[in-house]
Amino acid sequence: MIHPRWQEYETGLEGRLADLHSRVHRGTYRAQPSRRVYIPKADGRQRPLGIAALEDKVVQQAVVTILNAIYEVDFKGFSYGFRPGRSPHQALDALSVGLHRRWVKWVLDADIRGFFDHVSHEWIVKFVEHRVADRRILRLIRKWLTAGVSEDGQWSETKVGTPQGAVISPLLANIYLHYVFDLWVEAWRRKVAKRQVIVVRYADDLVLGFESRVEAQRFLQDFRERLAKFGLELHSEKTRLIEFGRFAAHDRADRGLGKPETFTFLGFTHYCGKSKKGEFTVWRETAPRRLTAKLHAIKAELLQRRHEPIAMTGAWLRTVALGYYQYHAIPGNSRQLSCFRRRLGWMWRRMLARRSQRGWVSWQRLNVLLDRWIPPSRVLHPYPMQRFDALHPRLKPYA
């Protein structure tokens, strides 16, 4: 069956939407298999995405709008992923504030192995049933979960997992982890922990800070057991408990060890450092893998554009640079931002040299092009404490 594209669907849009609305209410709407595509990950592997059919996207967005109004009342404050009015930078801010203002000595960087691919359909429906009694909504969710995937024209059944790329998937993931992790860790922190614990979650990316190493190790063991009950497990190589915080450098030096280890969260490598006043601070830089993956993607696109006029390529590079700055231009990341702009210029120069035997560009000429098309990097985000305190005035000065 050939499904219409957006441009085709726009013809007679009101009639099409009315028909879709009628089919949903009559129960005759049928979810279509997601189209499987792959995109490269920062570590070189391929990430599978499920591209839903157009009408499935429309219905899923309508359901997400309804469910968001229900679950935003329930979701916890330390959950930031794919929620209205929340962003990755707010999660980064909360983590930095917690590391600065709480007695954190150990950080657990937890990674759930293949979370979106191993989510239990049965548990998702049970969790939604806790808050939603409308059988039509539950029926729709079941249809989307069991619609299967289409890859190279071949359909395959999906017994577990929810496709990354589907409109409904981020919300279902948040609902799943709300019951599997959020409510549980809140109770664990209140009933088991004797010392301070901080928690930040962005979708399936989890970072926790502990004052006590013994409690951190106990939590890790309890967390493994908790996940096993729901068919999930931690990635043994990516889950790390490291010594980190305001006392880490001093304590490790007393034991004859090197600098505190680093961890990566939401594309930024976090490491212990000192401010200009000599006080402890958490510095953050773009993770090397993230920077390398972005540059490789730009290089591939530049090769495709090598015969375009310089002005067209320059305009595209300007858009790419501004988009990169919008996410990565945080305080303390100036060195990596300058590196990104410099590497961008090198790649553009190589691409121009490949256009023809006369394509060689001098560095003086390249600098003119860079000044014309690629804006210099500058910090666009405030310091974490400033934005966190502005958004959460009641919690000041505590995270």
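Colleague: What counts as a helix or a strand here?
Modeller: This is a predicted model. Helices are DSSP runs of H or I with at least four residues, and strands are runs of E with at least two. Both are numbered from the N terminus.

Colleague: How many helices and strands does the protein chain have?
Modeller: Start with the extent. The C-alpha trace spans about 70 × 65 × 40 Å along its principal axes. The secondary structure of the protein chain comes to 15 helices and 11 strands.

Colleague: What share of the 399 residues in the protein chain is buried?
Modeller: A residue is buried when its relative accessible area is under 20%. In the protein chain of 399 residues, the buried share is 46%.

Colleague: What part of the contacts with a separation of 6 or more joins residues 24 or more positions apart?
Modeller: Take the contacts in the protein chain with a separation of 6 or more. Residues 24 or more positions apart account for 68%.

Colleague: Which strands stand at the edges of the open sheet of four strands?
Modeller: The order in this sheet is 2-1-4-5, and the pairing is mixed.

Colleague: What is the average twist from one strand to the next?
Modeller: The sheet in question is the open one with the order 2-1-4-5. From one strand to the next, its twist averages 40 degrees.

Colleague: In which sense, parallel or antiparallel, does strand 1 pair with strand 2?
Modeller: Strand 1 (residues 34–40) also pairs with strand 4 (residues 149–151), in the parallel sense over two bridges. With strand 2 (residues 46–51) there are six bridges, and the sense is antiparallel.

Colleague: Which residue in strand 2 is the bridge partner of R35?
Modeller: R35 stands opposite S150 in strand 4. P40 stands opposite Q46 in strand 2. In strand 2, the bridge partner of R35 is I51.

Colleague: Are helix 4 and helix 15 roughly parallel or roughly perpendicular?
Modeller: The axes of helix 4 (residues 88–101) and helix 15 (residues 384–391) come within 9 Å and cross at roughly 105 degrees. Angles of 65 to 115 degrees count as roughly perpendicular. Therefore helix 4 is, relative to helix 15, roughly perpendicular.

Colleague: How many nonpolar residues are in the contact of helix 4 with helix 15?
Modeller: Helix 4 brings H89, Q90, D93, A94, S96, V97, H100 and R101, and helix 15 brings P384, M385, R387, F388, D389 and L391. By class, four residues are polar, four are charged, and the nonpolar ones number six.

Colleague: Is S96 buried or exposed?
Modeller: S96 is in helix 4. Leaving aside neighbours within four places in sequence, S96 is in contact with R284 and P384. Its relative accessible area is 1%, so S96 is buried.

Colleague: What do the buried residues of helix 15 pack against?
Modeller: The buried residues of helix 15 are P384, R387, F388 and D389. They pack against helix 4 and strand 11 (280–286).

Colleague: How far apart in space are L369 and L138?
Modeller: In sequence they are 231 residues apart. C-alpha to C-alpha, L369 and L138 are separated by 56 Å.

Colleague: What is the phi of F82?
Modeller: Most residues other than glycine have a negative phi. F82 is found in the loop between helix 3 (54–71) and helix 4, and it counts as partly exposed at 46% relative accessibility. F82 is not a glycine, yet its phi is positive, at about 55 degrees.

Colleague: Is L266 buried or exposed?
Modeller: L266 is found in the loop between strand 9 (263–265) and strand 10 (268–274). Its phi is positive, near 55 degrees. Relative accessibility is 11%, so L266 counts as buried.

Definitions and conventions:
Residues are numbered from 1 along each chain as its sequence is written. This is a predicted model: local features need pLDDT of at least 70, side-chain atom pairs count only at pLDDT 80 or more; totals for chains, interfaces and linings use all residues. Side-chain values use heavy atoms; hydrogens and water are left out. Axes are lines fitted to C-alpha atoms, for helices over the stretch in contact, and angles run from 0 to 180 degrees between N-to-C directions. Angles under 35 degrees count as roughly parallel, over 145 as roughly antiparallel, 65 to 115 as roughly perpendicular and the rest as oblique. Contact means heavy atoms within 4.5 Å. Ala, Val, Leu, Ile, Met, Phe, Trp, Tyr, Cys and Pro count as nonpolar, Asp, Glu, Lys and Arg as charged, and the others, Gly among them, as polar. Two strands pair if DSSP finds at least two bridges between them. Buried means under 20% relative accessible area, exposed over 50%, partly exposed in between (1.4 Å probe, protein chains only).
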